[in-house]
Amino acid sequence: MKRLLSIFVSVVILAIIYSRIDLPALAQVFQGSDLLWMAISLGMVVPLTLATGWRLQQLMPRHQDFPLTEATKLTLSASVLNMVLPSKMGELAKAYFIRDRGYLPGSLAFSLVVFEKASDLLSLFVWCVFGLLFYPEKETLFWAMTVFVFLGLVFGLLLLSSQSFANLFFRRSKAIASGNLHQKLDKLHGSWTEMHNHFWQDKRQLLIIASISIFIWFLHLMQIWFFIFALRASVPFMANLALAPLAIFAGLLPLTFAGVGTRDAALILFYQPFFDANVGAALGLLCTSRYVLPAIGGLPFFSQYLANLRTAKSSPK
């Protein structure tokens, strides 16, 4: 039911957007696009996927043999679930497959993926804060977003770096939660504690993972900038560093199907000082391709993992 509701919300938002878009003009935007920049920007899906897989490989304990090919397959498989789960929660499925393949125990595998997702989100916050601080035209809305994003970054860093702060947060959250949510928070609290104990033992490795995550998001934001070049539009680099993360955050809100609709609307709204709504809608479609292409590439591996899982469950103990 939640999936159907998210699809419905996406359809409604898209209907509103495209009722105000000149569709022939939108088609002309794509027809007049720069094919070289289009190929470069879409082709960045490959190095981005490999870099994300490499980060997953680096997160594994050093004694564990975990090839890059396996990490890349898991990354692509998670992309399949990211198309149907909100806030890129398909990433958490990697923990299940890591455990199923015998690389790590279940609790440690979940802790590893939780840390990867947390560092990923904080890296996006870092670039968003950096871009907003240098964004020249700050009206009330952008000052409010700058403060909100900065507070989110500080909160995330405290949650990731301070075990006592994390314990306080989870205790307070569980105190007001009930039922299924309380159980999920309790499980996440345990995994978060294990994650702290595991990753803070090696601060050098922690710094490497943080640097990789920040660099990966820099590549993501560069890809969106290249999309703009492909559409023969122009946006200052620093402005793109501020605006692209805000649009991505809008797509992470658990309201729509894979962020479709909210991300498109945010792109049109935030980039309106630089180009019209037709180019903004085209940019929204290209940004959606950033999620669709890895999901298509991950379908064979995802099907393989599911088939192996069914075989394991059906085989006698």
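1. The structure under discussion is a predicted model. The remarks that follow should be read on that basis.

2. Helix α9 spans residues 163–176 and helix α10 spans residues 179–199; their axes approach within 10 Å and cross at roughly 175°. An angle over 145 degrees counts as roughly antiparallel, and α9 is therefore roughly antiparallel to α10.

3. On the α9 side of this contact stand Gln 163, Ala 166, Asn 167, Phe 170, Ser 173 and Lys 174. Their counterparts in α10 are His 182, Leu 185, Asp 186, Leu 188, His 189, Trp 192, Thr 193 and His 196. By class, the residues of the contact of α9 with α10 comprise five nonpolar, seven polar and two charged.

4. How do the axes of α8 and α10 cross? Helix α8 covers residues 140–161, and its axis comes within 9 Å of that of α10, with a crossing angle of roughly 75°. Since angles of 65 to 115 degrees count as roughly perpendicular, α8 and α10 are described as roughly perpendicular to each other.

5. The contact of α8 with α10 involves Leu 159, Leu 160 and Ser 161 from α8, which meet Trp 192, Met 195 and His 196 from α10. These residues divide into four nonpolar and two polar, with no charged residue. Trp 192 and His 196 also belong to the α10 side of the contact with α9.

6. Phe 142 is located in helix α8. Is this residue buried or exposed? Phe 142 has a relative accessible area of 10%, and residues under 20% count as buried, so Phe 142 is buried. Leaving aside residues up to four places away in sequence, Phe 142 touches Leu 132, Tyr 135, Glu 137, Leu 243, Leu 246 and Phe 270. The C-alpha atom of Phe 142 is separated by 9.7 Å from that of Ala 242, although the two residues are 100 residues apart along the chain.

7. A search of the whole structure gives 18 aromatic pairs. One aromatic cluster is formed by Trp 37, Trp 127, Phe 130, Phe 134, Phe 218, Trp 225, Phe 226, Phe 229 and Phe 237.

8. Two charged side chains sit over aromatic rings. Arg 99 lies over the face of Tyr 96, 4.6 Å from the ring centre. The charged end of Lys 187 is placed over the ring of Phe 110, at 5.1 Å from its centre.

9. In helix α6 (residues 93–100), the buried residues are Ala 93, Lys 94, Ala 95, Phe 97 and Ile 98. Just after α6, Gly 102 adopts a positive phi of about 80°.

Conventions. Residues numbered from 1 in each chain as written. Predicted model: local features only at pLDDT ≥ 70, side-chain atom pairs only at ≥ 80, totals over all residues. Heavy atoms only, no water. Axes fitted to C-alpha atoms, helices over the stretch in contact; angles between N-to-C directions. Helix = DSSP H or I, 4+ residues; strand = E, 2+ residues; numbered from the N terminus. Parallel < 35°, antiparallel > 145°, perpendicular 65-115°, else oblique. Contact = heavy atoms within 4.5 Å. Nonpolar A, V, L, I, M, F, W, Y, C, P; charged D, E, K, R; others polar. Phe/Tyr/Trp six-rings, centres within 6.5 Å; stacked < 30°, edge-to-face > 60°. Lys NZ or Arg CZ within 6 Å of the ring centre and 35° of its normal. Buried < 20%, exposed > 50% of the residue type's maximum accessible area, 1.4 Å probe, protein only.
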